[in-house]
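User: I would like to go through the aromatic contacts of this protein. Please work from the structure shown here.

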Amino acid sequence: MSAILWPGRSHPLGATWDGQGTNFAVFSENASAIELCLFDANGNERRLRLPEVTNHVWHGYLPDVGPGQRYGYRVYGPYKPKQGKRFNADKLLLDPYALAISGDMQFSPAIFGYPMEHFANSDRDLEKSTLDDMQCVPKGIVVDQSFDWGDDRHPETPWHETVIYEVHVKGFTRQHPNIPPDLQGTYAGLGHPAAIEHLKTLGVTAVELLPIHHYNAHPSHLVTVGLHNYWGYDSINYFAPFASYSAGGDAGDQVNEFKAMVKALHQAGIEVILDVVYNHTGEGNHFGPTLSLRGIDNEAYYRLVERSPRHYMDFTGCGNSLNVRHPQVLKLIMDSLRYWVQEMHVDGFRFDLASALARELYEVDSLAAFFDIIHQDPVLSTTKLIAEPWDLGEGGYQVGNFPLLWSEWNGKYRDTMRDFWRDNHCRLGEFAFRFTGSSDLYQANGKLPHASVNFITAHDGFTLRDLVSYNEKHNESNGEGNRDGESYNRSWNCGVEGETQNEEILALRSQQQRNLLTTLFLSQGVPMILGGDEMGRTQRGNNNTYCQDNEIAWFDWNLRHQNKELLNFTQRLIAFRKQHPIFCRRQWFLGREIHGSGVIDIGWFNPDGSIISEEDWHDGSSKAISIFLNGEEILTTDKQGQRIIDDSFLVFFNAYPEFQEFSLPPSVDRKEWRVILDTKNPTGFVDDGPTYDHTQNVPVAARSLVLLACPHCFDTTSGADGATCTLPKRG
């Protein structure tokens, strides 16, 4: 290895091996000097000062240094926290552009930029620590990026055909009996045929992975109670896949293992969406550790309080916010996103607390530079982009306000459907908007129904089974006195809190799960299911398992009879949705006839068959509604430009605690209707179900949903009069 660093190049940033040596480049606008630190197999450190600075990028080239080399940086400059400067060369820093990372952070007083012996002092961060943390922090690894992708290609599943499965890489396979023990809980485990078989049989088209960017797994507040970060929403690098999810350990093999997982999923037609956290990092507030960006250039990378730059703007509740106004921070995010698409072949991203990225000053601006850059980027503008449309700052709840190209987690859909089925106040008009894709939120902006990512449950909150089993959160095992997690869950335990042997209550809970799943998959928009909900996964009432890397959060694959029934039902439900384009339309319902069947494309009725009135739409106590979906009035065509014709359906919703009878609406009684799904039935779907005509009433059990179908049920030449009912007026 050469003892002298050549000048090298200022781009690309990071450690880039060219087959003969490695170029190192790191951005710091305010540093006075930067040392490249190399580590041998025994952990011995060698320091070399980077010789060149170009446009605030410090760089150098080392011949004969290649893949496997571990490295970090020491950055020199003033330690003046009151001015926003926190340089400390006693802290080894992780390269923000490292493509692989070796080792995990070990909690120690040395990782903090200030002396921990002054812990009780509120000004403790103003004094500089002289402890060296070399043994306590992870190192970057130089990697060989070559990989045989073969004929891999993005599945490019159309938005309207997409079914998302939110899942944790480790939790999904950690206890899977058909995956080899050495692969359980890893990228290789998720790419294993047994895991993929479950996803294929279930029918999902995309996995949305909880954060896999390398993160701080040992924040101090969890270390003190013997726990660690499980979800991963504390990134300390945006390029390297989390090393602990690799079957090959942290030697750099995690990069190729992740690529192999993506390739296997693509071969099965399944897209990979990453949950990404570009709003904050795992370095936390001014009392947090110094691991990377804080020590490289605190002023450039973080949003500091204007009149008190010692402190951080915190729109996330996690201690800091990235300074997206700075060109280099925007570049960091964009380089990361493009890397994951171009080099790692992922298909899209879900942006955690995305409103924080839109903040130019303090307000949320939907035309912020970040979104403008995404919109014009030839790579990223063609991927699936999903926003979590809120943050914790003032005005941060932005459901419906993200620009074109973006879909959103629709929190209003979640809340509305939970309220409807738990017998809580829920206006019929609100229910109708959510069921049909939330046109009140998205249509005026030029968006289509797929802008709404519909979900009942997600990682943050109760699982579906717990949603119908607990009125209150039970987070005692998190070590925070049950104060953490959301307290208002819109849940209902069906009469008993938690586990019970009462058969009547267990049957009702199963029925409520079928109600919620059926509503989700019959709704317009993009359905997202929380991994494990399809087989009754429980977290024992814990609605904030961010620190539970154990059986509380891992999947239990020992399916009991009741869970097998739910799994079979969910499989059939997803397959049913895929078979019928009426449930995954590309365009909005218009409330009128389109192709001349004589009947409108959608109709809304009371249980007696009468058209829902304007007054009815505002009724928050009504819990019964009939919806007609006309399969002969679909506006769009198929891929070959041919008209799409589907069966027509009637959906009878009865969330009352009493039995209801529904009349077939007079305007849609042309032919015989057959029951094909009844959530009162333990199997959900009804083979050879009963048939009804306009002379008969349809019985619908308490707290249940009945779906009736009529194949091509209207004579398009009859000129029958259709009811002129539409969606409720906005507002």
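User: Is Tyr 114 buried or exposed?

Analyst: In this predicted model, the relative accessible area of Tyr 114 is 2%. Buried means under 20%, so Tyr 114 is classed as buried.

User: Which kind of aromatic pair do Tyr 114 and Phe 287 form?

Analyst: The ring centres of Tyr 114 and Phe 287 are 6.2 Å apart, with 70 degrees between the planes. Tyr 114 lies in the loop between β10 and β11, and Phe 287 in the loop between β14 and α6, so the pair ties together parts that are 173 residues apart in sequence. Planes over 60 degrees apart count as edge-to-face, and the pair of Tyr 114 and Phe 287 is therefore edge-to-face.

User: How are the planes of Trp 409 and Phe 455 arranged: stacked, edge-to-face or tilted?

Analyst: Trp 409 belongs to strand β19 and Phe 455 to strand β20, 46 residues apart. Both Trp 409 and Phe 455 are buried. Their ring centres lie 4.9 Å apart and their planes meet at 45 degrees, so the pair is tilted.

User: Which residue has its charged end over the ring of Phe 589?

Analyst: A charge over a ring occurs at Trp 554, where Arg 174 lies over the face at 4.6 Å from the ring centre. At Phe 589, the charged end sits 4.1 Å from the ring centre, and the residue is Arg 585.

User: How many aromatic pairs does the count come to?

Analyst: Rings pair if their centres lie within 6.5 Å. One aromatic cluster includes Tyr 97, Phe 239 and Trp 340. The count comes to 50 aromatic pairs.

Terms used:
Residues numbered from 1 in each chain as written. Predicted model: local features only at pLDDT ≥ 70, side-chain atom pairs only at ≥ 80, totals over all residues. Heavy atoms only, no water. Phe/Tyr/Trp six-rings, centres within 6.5 Å; stacked < 30°, edge-to-face > 60°. Helix = DSSP H or I, 4+ residues; strand = E, 2+ residues; numbered from the N terminus. Buried < 20%, exposed > 50% of the residue type's maximum accessible area, 1.4 Å probe, protein only. Lys NZ or Arg CZ within 6 Å of the ring centre and 35° of its normal.
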